[in-house]
Each structure stands twice: as C-alpha cells, then as structure tokens.
Amino acid sequence: MILSSKEKGHTMKFITIDKKDWAKGIENSRKAYQLFGPVKEKNGVLIKNLEKGVLPLMEYTDSVMSAKSVMFPQSEMILKTTLDESKEDHHIMKRVDTNYSPRAVVGMRPFDAKAIQLVKMNFDTKDFRDPYWCDAYEATTFVGLAVNKPGLYDFSTSAGSGPFGEDGLDVLLADMDDKYVAKILSDKGQDFIDIFAVGTSSDEKESQVLFDVLRKEAEKNIASAIETDKLKDKTILYLHEAPFWDDVAFSCINCGTCTYVCPTCWCFDIQDETKRKASTRFRNWDTCMSSLFTSHASGHNPRDAKTQRVRQRFMHKLKYFPDKYEEGIMCVGCGRCVKSCPVNIDIRKVAKTMNSYENKE
Amino acid sequence: MENPYMPYPVRIDDIEIATEDRSLKTFKFVFLNKEDEEKFSYQAGQFAELSIPGVGEIPIGIASSPVEKGFVKFTVFRTGVVTTHLHNMKVGDIMGIRGPLGNWYPWEKLENKNIVIIGGGFAFTTLRSSIIYMLDSANRNKFKNIDVVYGARSPGMLLYREELFEWEKRDDINMHITVDGTDDPEWKYHTGFVPQIVEQNAPKADDDTYAIICGPPIMIKFTQPSLVQLGYRDDQIIMSLENRMKCGIGMCGRCNIGKELVCKDGPVFTLEELNQTPKEY
C-alpha cells in the first residue's frame, strides 16, 4: 500500500490555483511530465496522453474509460527479437524500450485512483513484480479531481472510495468555482505542485473545512449502494453453486464491455506478432467473458457456458478477491459497467442477490 | 527482481519420439548461458513456459528431475499451435524457457512416508521427475516404500519405456505397469485400467502413506473411488491440475479455480483442497 502523507513525514498542504492560471501550470508541468488526462472524443470522455496544447477536460460527469490504461495499455509491446538466423542474437527475447520518464494523470476520478491500488495487488506481489505495470506506476503522479456532482451511476461511497476519496492519489483537486484548491497528499504530489508553480498556499484548516462541506454535499447525491456485508460469511462453494446464476447471466451477450471499461479488471492475453523477421510479444487486455479465455488446446473448456463466465466475473470481484486479499471488494463503484452494459446487467443488483442468498434446503 | 516474462534462451539438444503414434516427443534443452541453469533451479512437480518467439508460449510440466544436471527435459503432446510448431523444430534451434513456475509435490511432508504414484497416459512427466528424484542415491532413504501404477492404452503409448522396465527390475520400487489392451503375446505386465490395478495392487492406506495422482480426467474420476476403497483420506491424495495459462505467474487471470490460481497456488493440490474450490478445471 502507498504510504499516507503523514507516514512520509510530510506536512499536508493546500494550494489555491486561480483558474486563470491553470493553463500556465499545465504548461509548466509538461517540462517534467508526460501528461495524461480526460479528453472528449466522439464516443465520450477517455483518459489519454495530452498532446501539446491540449488541456485536461475538467468539467465532465463520467469518463467512458478509466485511467488504468496509463499503467496498463490496451495493447503493449513487452518483448522483441529477430527471427533472422544470420543475426547472432536471433530468437533471444529482449525487453522493449518504453519511456518511463515521469508521467502525471491530471483530472482523474478518485475512484479510479483507488482502483489502481487494487490492481497493484495483482501486479506487484511478494513473488513476482510485473515490470511493465510497476515501472509505469512508479513513474506516475496521480492528480485527482474531486467529484462535486456525482453521476447517476456512481456508488463509490459503498465501494471503499467516494467523490473525495484520497486513496492512491498524490494530489486531490477540488473545483471551487473560479479556482481549484489542491490538497497535497504525498511527496510525489508536492513535487508536481512545485513544478506546476502557480497558486498560493492556503490555510490548512479553512481549506479542509471547504473540502468537507463539498464532500458531504457530493456524498448526499449518491443515491445507490452496493451491498456486500454478508458475503464474507458465505463460502465460495455456497455462492458458486447457488441457483440464481442462470438468471443473472440470461441476458448477457458476453460482449466483454464491462471488463474493458472496468478500472479494476486486469486480465490479459499474451500474443506474438511477426513482421518479416521482427517478432514482438504483446500483452493485450483480455476478458473473462470470452470462451477462448479458458479454452484448453484439447478443446476442453472449464468455463464453456455463458453462465460460468458471468459467475466468474461477479465471484472474482465480490468473493474471490475479498477472500484472497482481505482489502474489500474488487469494485470501486464507478458505475461504468452498469452504464455501458448493452443488456442492463447491474452489479449492484447481482451483489444484492448474492448478499441476500440463503439456501432454504 | 528479474523480469518474469523474460525467457531464458535455450538450444534444443535432442528430440526423441516418445510414443508409437508420434504424438508425443521429448525435448532436451540446454541453456545458452550456464548461469541461467542455476537460476532455473526447480523441484519435481513444477512446470515452465516453453517460449517460441513469433509463435507463443505453452505451460508444460518439467519431465527432467532436479537431480539430473546440465539439461532440462519436457515431453510435449502435439495438440495446438505452439506444440505443433515445436514438434516441427529441429535439434540446434534456439527458443526460450520461462520458469520454474508453480508449486511442487510436498517433498518435505512426504519424507519418511510411503509413496504411491498413479499415472495415466501422457500425464506421467512430472511423475517421472519425481521417481528419478526419489530413486536418486542421495534421496532414496528419505522415503519408505514406493509404488508406481502407470497405465497407457498400449505398450507403445507408455512414456519412458526403457526407464520403466529398468525400474521394474529394481527392488527399491514396486512397479505396476499396465495397458488397456495389447496383442503382444510377450507382454509381461498388467492388462487393465488404472483404477482396477490400483485397487488390486496399491498398498492400503495408513497415516504414513500418500498417493500422487496425475492423469486424464476420466482416470482421476474412476481412481478416486479405488483410493477411497483402500482407505485414503482426501488430504492423502495429491493431484496436479492443468488449466489454460498465459503468464504462469498469477497475473493474467484465466487459470483460477475460485480464489486459487492453478499457475501459482498450484498446480499441485490435495483432494481436500480441491473439495473447497469450484470444479473449474
């Protein structure tokens, strides 16, 4: 887990940034960081590399995709080699050169920062360190934008996060009409604000009061919740063998959208591609909704049926992950899967079904 | 910490056709860098990703034994894209190996115990590794009686035939070799399915006896009742699973059975452990 600012021995600070100076600060930060942030595109708001002159979109309700791609691109080159046998090092894999100079994601949602902390448990373990994810993570400064007006699908307060959640962020910005107030949460955040170099220090107590007022107002606007309190008392097999999964999965078309938009879904595939003699090994996002995901070469498939795959997704998020790590559910309540699902499958409803399930026999 | 996706470069040193139908071949690999062989220090029961640049990777049990030095061996069934490509490669070709991966048979717990090894078909690779390990002069006195029940469809489908027949002659291991059927009038060993041979020949259970079982699902399904008949408890039955894998290090998400990952928490589980997980294998 990342250290809180207190543990690092750093004093919490608030900075007020006049919106008139915002663009100047963003330009300043480009000197030291590759910038990422929300950008409006044809199909909605995405988190992307901010090209020169492009400012992060700071007024939006929902982004279609989360910031997970900053550490975990949808398709990423990991290894390469040549198949040309006249070359001395043919067929010997080497790591692809990737630019891990400092990055900053500006304007991301607090629940997406929390999600990155959950994903970190998968990629940074005591046994193995995924160098691609971890190097990108270590290079990144997370500058969040608090959510003053939560979207219709937001249930983050019941999923271990919230509109002003600080977990995983280095700076939390709050929009206060003509200014942003930045709360510095870590040394990385302090470095970013130093390079940003606009804004004035503001009174800590007063600023925290303002944050708390906005937070309470925002939290009041979150109307729905995910119910998971009784899941830890039910065994994996008890839930796995429950009779409701066919009903849950009935309308699912296994499109996988829920997994791609999810900020906590990390599953991936590894594929080789060769052009002439140059061979590259890629890591691509994969989805547990696909039957190929688990299909053995023999033709046997342990999750052959749609119901098995839908069950896997919800069991992983709400039961396997919480049981394995004891850090809560693998969901931050962003609501993207609910909003994007073409057949209206709703994780809140599934969780409720699981949570309230009692085998009468 | 090293990049766990980076394969060690190896050269194919030898290729042996392992079964009469030529669907299995045993590949012997030598590490291009001597220090990689030390890094690839493994235990019997572990697996590795065979990594062919431009084609892909496959998780395969290690058939050589930790006591065999200077090379590693894998016996591979030709079934998909990567295994078919591998079957068409030749001695001298360069490829990669990533590992060792997964857990292993619980050798510490098995010390001073009687061991019953039960294998069927081509799921005998990590069992071969285990037998060689136990029979090694430095290890044999760590274990009590060793019984092996191994069956295949026909004599020509048995893996490692020469070694099997050598072990058969030894007095420190009890071999029970069987085939489903044969028209060879000279066949000196058993005829019949593995579950039946287990029931007739394997030792009865006691607190000091453990069974390690590997084979096709159908064999495992019908061998379990035989072991129950002989009095084995679920925690005395040790099994090795297979599932589709990519990363082999517990990250890519596809090989899970409940919260356990076959690649990292397994592939070796006791039946007692498997009884607590969904049967998604």
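Q: What share of the 361 residues in chain A is buried?
A: In this predicted model, buried residues make up 44% of the 361 residues in chain A. For chain B, 51% of the 281 residues count as buried.

Q: Where does Gly333(A) lie, and what is Gly333(A) in contact with, leaving aside its neighbours within four places in sequence?
A: Gly333(A) lies in the loop between α9 (306-325) and α10 (336-340) of chain A. With those neighbours left aside, the residues in contact with Gly333(A) include Phe111(A), Asp154(A), Phe155(A) and Ile226(A). Gly44(A) is 289 residues away from Gly333(A) in sequence, and their C-alpha atoms are 19 Å apart in space.

Q: How does the radius of gyration of chain B stand against that of a compact globule?
A: A compact globule with 281 residues would have a radius of gyration near 19 Å; chain B has 18 Å, which agrees. Chain B contains 8 helices and 15 strands, and its C-alpha atoms fill a box of roughly 50 × 45 × 35 Å along the principal axes.

Q: Why are α1(A) and α4(A) called roughly perpendicular to each other?
A: Helix α1 (residues 22-30) and helix α4 (residues 187-196) of chain A have axes that come within 7 Å and cross at roughly 115°. The class of roughly perpendicular angles runs from 65 to 115 degrees, and therefore the two helices are roughly perpendicular to each other. At their contact, Gly25(A), Asn28(A) and Ser29(A) in α1(A) meet Phe192(A), Ile195(A) and Phe196(A) in α4(A). By class, this contact has 3 nonpolar, 3 polar and no charged residues.

Q: What makes β10 and β15 of chain B edge strands?
A: The open sheet of 7 strands in chain B has the order β10-β9-β8-β7-β11-β12-β15, with mixed pairing. The strands β10 (190-191) and β15 (268-270) each pair on one side only, and they are its edge strands.

Q: How do you know that β7 and β11 of chain B pair?
A: At least two bridges are needed for two strands to pair. Strands β7 (residues 114-120) and β11 (residues 209-214) of chain B have 6 bridges, in the parallel sense. In β11(B), Tyr210(B) is the bridge partner of Ile115(B). Helix α4 (residues 125-135) of chain B packs on the sheet, and its direction makes about 150° with that of β7(B).

Q: How many residues of chain B are in contact with chain A?
A: There are 35 residues of chain B in contact with 39 residues of chain A. On the side of chain B that touches chain A, β6(B) gives the most, with 3 residues. By class, that side has 16 nonpolar, 13 polar and 6 charged residues.

Technical notes. Residues are numbered from 1 along each chain as its sequence is written. Chains are lettered from A and ligands numbered from 1 in the order in which they are written. This is a predicted model: local features need pLDDT of at least 70, side-chain atom pairs count only at pLDDT 80 or more; totals for chains, interfaces and linings use all residues. Axes are lines fitted to C-alpha atoms, for helices over the stretch in contact, and angles run from 0 to 180 degrees between N-to-C directions. Helices (H or I, at least four residues) and strands (E, at least two) are DSSP runs, numbered from the N terminus. Angles under 35 degrees count as roughly parallel, over 145 as roughly antiparallel, 65 to 115 as roughly perpendicular and the rest as oblique. Two residues are in contact if their C-beta atoms, placed from the backbone, lie within 7 Å. Ala, Val, Leu, Ile, Met, Phe, Trp, Tyr, Cys and Pro count as nonpolar, Asp, Glu, Lys and Arg as charged, and the others, Gly among them, as polar. A residue is buried if 20 or more other C-beta atoms lie within 10 Å of its own, exposed if 12 or fewer, and partly exposed in between; C-beta atoms are placed from the backbone. The radius of gyration is taken over C-alpha atoms; the globule rule is 2.2 Å times the number of residues to the power 0.38.
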